[in-house]
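Here are my notes on the model you sent. Please read them with the structure open.

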Amino acid sequence: MQALHTAATGMAAQELNVQVISNNIANLRTTGFKKQTAAFQDLIYEHVRRVGAQSSDQGTILPVGVDIGGGVKTVGTPRSMTQGTLSQTGNDLDLAVSGEGFFKILMPDGTFQYTRDGTFQMDNQGRVVTAQGNPVQPTITIPNNASGISVSEQGQVSVTLPGSSTSSIVGQIGITRFINKAGLQPVGNNQFTETPSSGAPQDGTANSEGYGKITQGSLEQANVDVVSEMSDLIAAQRAYEMNAKVISAADQMMQSTTALFR
């Protein structure tokens, strides 16, 4: 019976939906995390009677057809790149982007990855790096005798050196944007890589036209709405249960049909 296969595709789809929702909830407190949703499409139809077909020799046309659906398929798990709320930390090297753009990170193999997680620190060379020790681009080195680290909304990094009453600029943190930021490939560690879908990276200056500003002493929180996620989870569970009931009903119908022909 085709209903068994159709309902099975529905159960598989909702299982994936629950997996996506659970990942969103698990990352509720992950800095810079962007939530995902599961997107579905119906499968190809079996056209028993095509709509618009001629139904008699006199030329009458069928106003409706008989189309038997084959179920559902997953077409993607698009990521929502909406802005998360900013949470103040007071740490000099905690940075958040308000608006468009990502921090650019140099990886050990010479490639670049991009992140909204501005939880930066200094390594043993004084460089501003991520939690994994990879330098933020362009590379910025803080002198070991410097104090009073200041980062402007444009990403300009200034420090106060001994014997000086004025601050000195030691570097500029860049911002990178993409034409289709939802097309970035997540690779873990709160980072993304470019893809043909995202388009080429466009490096620029923070707080300039088309680029967000940098806020020092703050971090961007995940854009996950826990109430919405719990509502979606309940809906996914109900849909899964209904598909399971369809399988049970179809199985009982098959057993009844088999018993009639014994």
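1. Is Arg 238 buried, partly exposed or exposed? Keep in mind that this is a predicted model. The relative accessibility of Arg 238 is 44%, so the residue counts as partly exposed. That value lies between the limits of 20% for buried and 50% for exposed.

2. Where does Arg 238 sit? Its place is in helix α2, which spans residues 226–260. Look also at Gln 14. In sequence, 224 residues separate Gln 14 from Arg 238. In space, their C-alpha atoms are 9.3 Å apart.

3. Next, the sheet. It is open and has four strands, in the order β7-β8-β16-β15. The pairing is antiparallel. The edges belong to β7 (103–106) and β15 (185–188). Each of these has a single partner strand, so one of its sides has no neighbour in the sheet. On average, neighbouring strands are turned by 40 degrees against each other, direction ignored.

4. Look at the β8 and β16 pair. Strand β8 covers residues 112–115, and strand β16 covers residues 191–193. They run antiparallel and are joined by two bridges. Tyr 114 stands opposite Phe 192 in β16.

5. Finally, Thr 130. Its place is in the loop between β10 (128–129) and β11 (147–151). Thr 130 counts as buried because its relative accessibility is 5%, and buried means under 20%. Which residues does Thr 130 contact, leaving aside neighbours within four places in sequence? They are Ile 105, Thr 119, Phe 120 and Gln 191.

Technical notes: Residues numbered from 1 in each chain as written. Predicted model: local features only at pLDDT ≥ 70, side-chain atom pairs only at ≥ 80, totals over all residues. Heavy atoms only, no water. Buried < 20%, exposed > 50% of the residue type's maximum accessible area, 1.4 Å probe, protein only. Pairing = 2+ DSSP bridges. Axes fitted to C-alpha atoms, helices over the stretch in contact; angles between N-to-C directions. Contact = heavy atoms within 4.5 Å.
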